[in-house]
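Subject: Structure handover

Hello,

Here is the structure I promised to pass on. Please open it first, then read the notes below.

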Amino acid sequence: MAIKHKWIFFNLIGAVVFVGLLLGGTALGLNLITRHGKTVIAPDFTNMTVEEATEAARKAHLGVKVVDSVFVRRLNAGVVYRQSPKAGATVKRGRSIFLTINSIIPRKVVMPNLSGYSVIEARAELQNRGLTLGRLNYVRDIATNNVLQQTMGGRPVAPGDLVVSGSTIDLTVGLGREDATTIVPRLIGMKMVRAVDVLHEKYLNVGRIIFDAPALSYADSVNAVVYRQDLEGARRTLGTHVNIYLTQDRSKLPAQ
């Protein structure tokens with residue numbers, strides 16, 4: 001009888017160990033497949049060549065894919081203009097960052113009809129068309145952040161018009177009596193293009209762009225980072241202009 005009890009006991013122990021190993025192995029396998037917990041911060045590839053972006057991505061355990069191009073007259077041909085996910089985003093190791101590069105030859109795209117879109121929707125549609133969101137001009141209206149008009153260079157641009165890829169489109173949008181304010185985000189350490197994007201995400205405009213030294217070229221300004229800004233953390237009306245101060249000397253960045 002004692003032998004039978006021992007046999008049952010050891011079989012139960014064996015079963016428990018087997019189940020434990022099985023569960024552990026399954027968890028390990030899933031961890032390897034999904035790379036659970038293995039995340040990195042997406043670098044800023046702005047103004048890099050595709051070769052430079054590829055190398056920077058490799059060092060960050062990421063990949064890059066060129067998926068679109070725009071034409072920005074003052075930017076060097078073939079360099080990265082925009083990326084998705086954005087610089088600073090937390091992504092899984094091994095994933096690809098999609099790049100939009102500056103083309104050599106300007107191409108034209110069809111201007112969409114943004115009337116009735118929200119600012120977020122309009123911004124996404126402009127980026128999909130290879131266009132750039134410029135200034136947000138707020139006017140009193142029933143609905144906040146509802147697009148009322150689209151302009152380029154101060155003149156209305158009609159849906160269906162052909163415009164050069166990379167062109168800047170300004171939007172006139174509504175401002176209601178409620179939900180008319182936002183918090184100015186921290187921009188320190190961001191490159192210029194990213195800082196402008198973050199301001200737009202908060203329904204704000206970039207004001208004056210002040211360099212600590214004369215920019216030698218547009219590429220220099222793209223590579224410069226924000227070392228000082230106005231109104232950080234303040235609550236302001238939508239459409240407020242925020243001045244940013246740029247440098248290529250990263251030693252000027254404040255301590256974190």
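**Loops and backbone**

Leu231 lies in the loop between strand E14 (225-229) and strand E15 (235-237). Strands here are DSSP runs (E, at least two residues), numbered from the N terminus. The phi angle of Leu231 is near 70 degrees, a positive value in a residue other than glycine. Leu231 counts as partly exposed because its relative accessibility is 29%. The scale runs like this: buried is under 20% relative accessible area, exposed is over 50%, and partly exposed is in between (1.4 Å probe, protein chains only).

Before you go on, note that this is a predicted model: local features need pLDDT of at least 70, side-chain atom pairs count only at pLDDT 80 or more, and totals for chains, interfaces and linings use all residues. Residues are numbered from 1 along each chain as its sequence is written, and side-chain values use heavy atoms, with hydrogens and water left out.

Asp179 also has a positive phi, near 50 degrees, and is not a glycine. Look for Asp179 in the loop between strand E11 (168-175) and strand E12 (181-183). With 67% relative accessibility, Asp179 is exposed.

Next, a cis bond. The peptide bond from Ser84 to Pro85 is cis, and its omega is near -5 degrees. Pro85 sits in the loop between strand E3 (80-84) and strand E4 (90-92).

**Gln83**

Gln83 is part of strand E3. Gln83 is buried, at 9% relative accessible area. Which residues does Gln83 touch, not counting those up to four places away in sequence? They are Ala42, Pro43, Asp44, Phe45, Thr46, Ile97, Phe98 and Leu99. Contact means heavy atoms within 4.5 Å. Gln83 and Ala42 are 41 residues apart along the chain, and their C-alpha atoms are separated by 9.7 Å.

The side chain of Gln83 also reaches backbone atoms. One is the oxygen of Pro43, at 2.9 Å. Another is the nitrogen of Phe45, at 2.8 Å.

**Rings and charges**

The charged end of Arg228 sits over the ring of Tyr245, 3.9 Å from its centre. The charged end of Lys252 sits over the ring of Tyr227, 5.7 Å from its centre. The test is NZ of Lys or CZ of Arg within 6 Å of the ring centre and within 35 degrees of the ring normal.

Best wishes

Technical notes
Helix = DSSP H or I, 4+ residues; strand = E, 2+ residues; numbered from the N terminus. Polar contact = N/O pair within 3.5 Å; in protein donor to acceptor, adjacent residues only side chain to side chain.
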